[in-house]
Amino acid sequence: MKLRVLLPLLVFGLIAVIAVLIPVAQSLADSRTQQVALQRTAALDQVVQRARTALVQSDAEGLQSYLERFHAVYAESVLVLDESGEPVASAGELHRDADVDQLVTAASRAIPQLSLPRVTPWGPRRALVAVPVIAAGDLSAGVVVLAVDLRGAQADVSRAWAVIAAIGVLLLSALMVASLLWTRWILRPVRALDSAVADLTAHRGPAPLRPSGPPELRRLSRAFATMADEVENSLEQQRGFVADASHQLRTPLAAIRLRVDGLARDGDAADDLSAVDDDLDRLEHTVERMLTLANAEHRAAARTQGHDDARDEGAPRECSVTAADLVQRHRARLHAAGLTLSIDDSPAVVVPCGRADLDEMLDVLLDNAAKYAGAGARVRVSVEQDAGRLEVRVEDSGTQLDDAHLPRLGTRFWRAGLDGGTTGTGLGLAIVAQLMRAAGGRLELRRSREGGLAAHLIWDRT
């Protein structure tokens with residue numbers, strides 16, 4: 001984002017600086033060119049006067065002496081021609097050539113040729129000018145040709161342009177520094193808000209936002225901080241309500257259970273009491289799972305905020321297991337459900353999770369496989385690790401999982417409902433997800449290569 005903000009500022013600043021400095025540079029070059037032209041015009045006037053006298057009086061020697069002094073002072077070559085185009089006197093290295101002849105022809109028509117090209121560092125080092133020698137009757141009696149040396153003027157223009165370039169660099173540097181400071185001032189609250197949103201999305205407590213930047217972003221920061229506090233308070237109240245409600249329900253449920261167990265079970269009341277027992281069992285199981293979920297959410301929230309309940313309570317934070325260890329107590333259940341169990345024969349690995357939590361997660365995943373994979377399905381449990389991650393996988397080859405079910409897996413109280421007789425609370429995968437967050441990992445659910453469900457318990461190693 002910084003580049004997207006800075007780039008237009010720098011481009012427009014560069015255009016503005018160039019738009020100002022180029023005309024200034026051209027004006028300086030034109031001014032120096034005009035100065036050279038005025039100086040050489042004044043010098044040529046003196047040469048023309050001498051040439052007019054020499055041509056009228058036929059004093060070529062006096063003119064030659066004057067031209068040599070002129071050349072010694074100005075270090076510029078000069079050539080005087082009579083009306084027939086023959087050289088009368090000269091000084092320096094100026095000789096007849098096509099350029100000189102072209103100027104002489106134009107000047108002999110009584111039209112001075114005093115135009116100089118704009119002086120630039122890369123321009124020509126000399127320029128030819130010519131003026132007519134006007135005698136009596138406004139007739140041209142000859143032509144004076146001067147080779148103007150532009151090297152001194154070029155050096156002056158080069159120095160002036162170097163100063164202008166230095167000023168341009170300073171202006172661009174100042175603009176860049178100002179743009180960086182401006183952009184940082186503008187984007188600092190945006191970056192802080194982006195980080196806070198990422199923390200809130202990952203269920204981490206966002207760092208306190210210090211309002212900064214423009215007034216609009218200050219108001220946005222304060223509003224976001226208020227919203228984040230409200231969201232966190234709402235989530236905490238929700239978790240607290242679930243835990244408190246589940247805990248409070250256990251006492252009246254236990255009392256109802258005692259009263260029902262004390263009733264006589266004879267006659268027509270036996271079937272009704274048996275149905276009540278089943279309903280109480282389901283209700284007690286739901287309350288127990290809600291308490292487990294609330295506890296897992298509390299631990300996950302504490303971990304994202306930098307607290308480690310397992311460490312604070314002295315509970316084990318890791319365990320060494322193999323795939324065979326994880327499924328040992330589930331073999332009979334899976335066999336009774338008609339499932340074929342396949343175990344990855346891999347060495348023991350250290351999992352960054354307490355054994356009780358790991359067993360709880362495997363209980364849920366294998367219980368789901370027993371309920372929903374279907375008789376005759378295969379269940380594979382494997383443990384894999386490399387330098388970057390550790391995975392515990394539970395995959396089955398069940399054929400009853402629809403693609404429409406995949407996005408809803410893990411939704412609280414949702415069950416596939418493939419069999420009306422299948423019992424459950426719909427909280428199992430939600431509990432696994434929260435336990436993985438509390439252990440610093442994540443749960444990924446996808447379709448397995450064999451067609452059923454693949455549950456991956458993943459811990460990234462950084």
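**Buried and exposed elements of the predicted model**

In helix H11, the buried residues are Gly428, Leu429, Ala430, Ile431, Val432, Gln434, Leu435, Met436 and Ala438. Because nine of the eleven residues of H11 are buried, this helix is largely enclosed by the rest of the structure. Just after H11, Gly440 adopts a positive phi of about 80 degrees. The coordinates are those of a predicted model, and the values reported here were computed from that model.

The protein chain contains eleven helices and eleven strands. Of its 462 residues, 37% are buried. The accessible surface of the chain amounts to about 26,200 Å², and carbon and sulfur atoms account for 55% of this surface. When contacts in the chain between residues at least 6 apart in sequence are considered, 65% of them join residues at least 24 apart.

In soluble globular proteins, nonpolar side chains tend to be buried together. The largest nonpolar core in the model has 45 residues, and the members that touch the most others are Val351, Leu358, Met361, Leu362, Leu366, Leu457 and Trp459. Helix H10, which spans residues 355-372, supplies eight residues, the largest share of this core. For Leu358, once neighbours within four places in sequence are set aside, the contacts are with Cys319, Val321, Leu326, Val351, Cys353, Leu457 and Trp459.

The loop between strand E9 (389-396) and helix H11 (428-438) contains Ser397. Ser397 has a relative accessible area of 11%, and it is classed as buried because this value is under 20%. With residues up to four places away in sequence not counted, Ser397 touches Ala377, Arg378, Glu450 and Gly452. One of these residues, Arg378, has its backbone nitrogen 2.8 Å from a polar atom of the Ser397 side chain.

Arg159 belongs to helix H4, which covers residues 151-201. The relative accessible area of Arg159 is 51%, so this residue is exposed, the cut-off being over 50%. Arg159 and Pro121 are 38 residues apart along the chain, and their C-alpha atoms are separated by 9.4 Å.

A nonpolar patch on the surface is formed by Leu3, Leu7, Val11, Phe12 and Ile15, which together have about 540 Å² of accessible area. Val11 is placed in helix H1, residues 2-57. An α-helix has 3.6 residues a turn, so residues three or four places apart point the same way. The relative accessibility of Val11 is 39%, and Val11 therefore counts as partly exposed.

Ala75 is found in the loop that lies between helix H2 (60-74) and strand E1 (78-82). Most residues other than glycine have a negative phi. The phi of Ala75, by contrast, is near 55 degrees, a positive value in a residue other than glycine. At a relative accessibility of 47%, Ala75 counts as partly exposed.

Technical notes
Residues are numbered from 1 along each chain as its sequence is written. This is a predicted model: local features need pLDDT of at least 70, side-chain atom pairs count only at pLDDT 80 or more; totals for chains, interfaces and linings use all residues. Side-chain values use heavy atoms; hydrogens and water are left out. A nonpolar core is a set of buried Ala, Val, Leu, Ile, Met, Phe, Trp, Tyr and Cys residues joined through side-chain atoms within 4.5 Å. Buried means under 20% relative accessible area, exposed over 50%, partly exposed in between (1.4 Å probe, protein chains only). Helices (H or I, at least four residues) and strands (E, at least two) are DSSP runs, numbered from the N terminus. Contact means heavy atoms within 4.5 Å. Accessible areas come from the Shrake-Rupley method with a 1.4 Å probe; for residues, only the protein chains shown count as cover. Patches are made of residues with over 30% relative accessible area and no salt bridge: like charges are joined within 9 Å, nonpolar side chains (Val, Leu, Ile, Met, Phe, Trp, Tyr) within 5 Å. A salt bridge is a side-chain nitrogen of Lys or Arg within 4 Å of a carboxyl oxygen of Asp or Glu. A polar contact is a pair of N or O atoms within 3.5 Å; within protein, one must be able to donate a hydrogen and the other to accept it, and residues adjacent in sequence count only if both atoms are side-chain atoms.
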